[in-house]
Amino acid sequence: MATLWTRGIQVCRALPRLCTAPSVQRRTSVRLMSTEKDNLLVDVDSKTGVATMQMNRPPVNSLNLEFLTSISIALEKLENEKCRGLILTSDVPKIFCAGLDILEMYQPDVERLQVFWRSLQDVWLRLYGSKMATIAAINGHSPAGGCLLATCCDYRIMAPNYTIGLNETQLGIVAPFWFRDTMCGVIGHRETEHALTLGIMYSTEEALNIKLVDKVVPQDKVIPAAQEKMKQYLKIPEVARQLSKDLMRRETVEKLRLRREDDVAAFKNFAVRESVQKSLGMYLEMLKKKSQQKK
C-alpha cells in the first residue's frame, strides 16, 4: 500500500485526463503499445499470443494515479485482444516496482486520493483475476505494491540479491484485506501474518524458501526463464486452465468487488489521519536528507 521509495518531490494534484491506449496491431515480437513518455512498454508475440509488459517509470516505477491508469488500460486491451499470456517485468535497472507513490497519500486532495485507490483496485482486479497466464519476471527490488503486483501473477521468477515483501507497517500503514488475501494465497496464513505484522522485506533466497517466489535465476536469465515457463502454461487446454484459475481465485476477487466503496472509504479515512500524515511526512523528510547526502 505504501512504499519505502518515492519519486521526486513534485506532484500533480489535478484529476487525471481521460486517456486511451493505441489500438493493437499484431505482428511478431514488436512494440504494440506504449503510454505517454513510454512509462509502460507492451510487446505481443503474435505467434504465441504472449505479451511482455515492461514498467518504465524511473527512478523506481512508483505507482501514481496516471501510471496505474495506464497499467489498467493495457491489461484491459490485452484481455480484449485475447492474449494468452503475460510476462510482467521492469525496464528500470535494479527495480521491479517500488510500490505506491507516497506523494499520492501525503497531504492529498481527497477526491484524487479516492480515484487513486479505485485505480489500484482496478489493476488488482484485472491482474489477479486475469484469464491470461501471468508470470512476474522480478528483475529488481519489489517492496509493498510491487510485491502485490508480483503475487497477483500465477508464477514468480526472481533474480538474486534483491528484496521483496509487503512492508507497509514500517511506515505505520496497514495493508488492506485484499493485499493480505493475495499474499495468503501464496505463502499461507501464518507466514502472511508474520510478514504483514513485521513489514518484512525478504531477500531473494528467503522469498524462495517461503515460496513467495517460485524460482531464482541469474539476472540475465529472468526473462528467458519466464518465457520458458510460459510454454508450460500454454500447453494446458485454455478453458481448463482458465476455469481452474477462476475456481481458486473467484472468492477473493468477489470479496473486493462487493466491498469496493467501503474499502475506498476505509483507505481515505485512514490515510488522512494525523498520525499517518505525520509518519509519511517524516519519511519524505528522511528521503530528502538521504538525497542531499548523495550529492
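Me: Where is Gln107 placed?
Reply: In this predicted model, Gln107 sits in the loop between strand 5 (94–95) and helix 2.

Me: Is Gln107 buried or exposed?
Reply: Gln107 counts as exposed, at 53% relative accessibility. Gln107 also has a positive phi of about 45°, although it is not a glycine. Most residues other than glycine have a negative phi.

Me: Switching to helix 2: what happens at the start of it?
Reply: There, a side-chain oxygen of Asp109 comes within 3.2 Å of the backbone nitrogen of Glu111.

Me: How do helix 2 and helix 8 run, roughly parallel or roughly antiparallel?
Reply: The axes of helix 2 (residues 110–128) and helix 8 (residues 238–271) come within 10 Å and cross at roughly 170°. That is over 145°, so the two helices are roughly antiparallel to each other. The residues of their contact divide into 12 nonpolar, 3 polar and 9 charged.

Me: What about Arg241, which helix is it in and what does it touch?
Reply: Arg241 lies in helix 8 and is buried, with a relative accessible area of 8%. Leaving out residues up to four places away in sequence, Arg241 touches Arg84, Lys131, Met132, Ala133, Tyr233 and Ile236.

Me: Last one: which residues does a cis peptide bond join?
Reply: Pro58 and Pro59, with omega about 10°. Pro59 is in the loop between strand 3 (50–55) and helix 1 (65–80).

Notes
Residues numbered from 1 in each chain as written. Predicted model: local features only at pLDDT ≥ 70, side-chain atom pairs only at ≥ 80, totals over all residues. Heavy atoms only, no water. Axes fitted to C-alpha atoms, helices over the stretch in contact; angles between N-to-C directions. Helix = DSSP H or I, 4+ residues; strand = E, 2+ residues; numbered from the N terminus. Parallel < 35°, antiparallel > 145°, perpendicular 65-115°, else oblique. Nonpolar A, V, L, I, M, F, W, Y, C, P; charged D, E, K, R; others polar. Polar contact = N/O pair within 3.5 Å; in protein donor to acceptor, adjacent residues only side chain to side chain. Buried < 20%, exposed > 50% of the residue type's maximum accessible area, 1.4 Å probe, protein only. Contact = heavy atoms within 4.5 Å.
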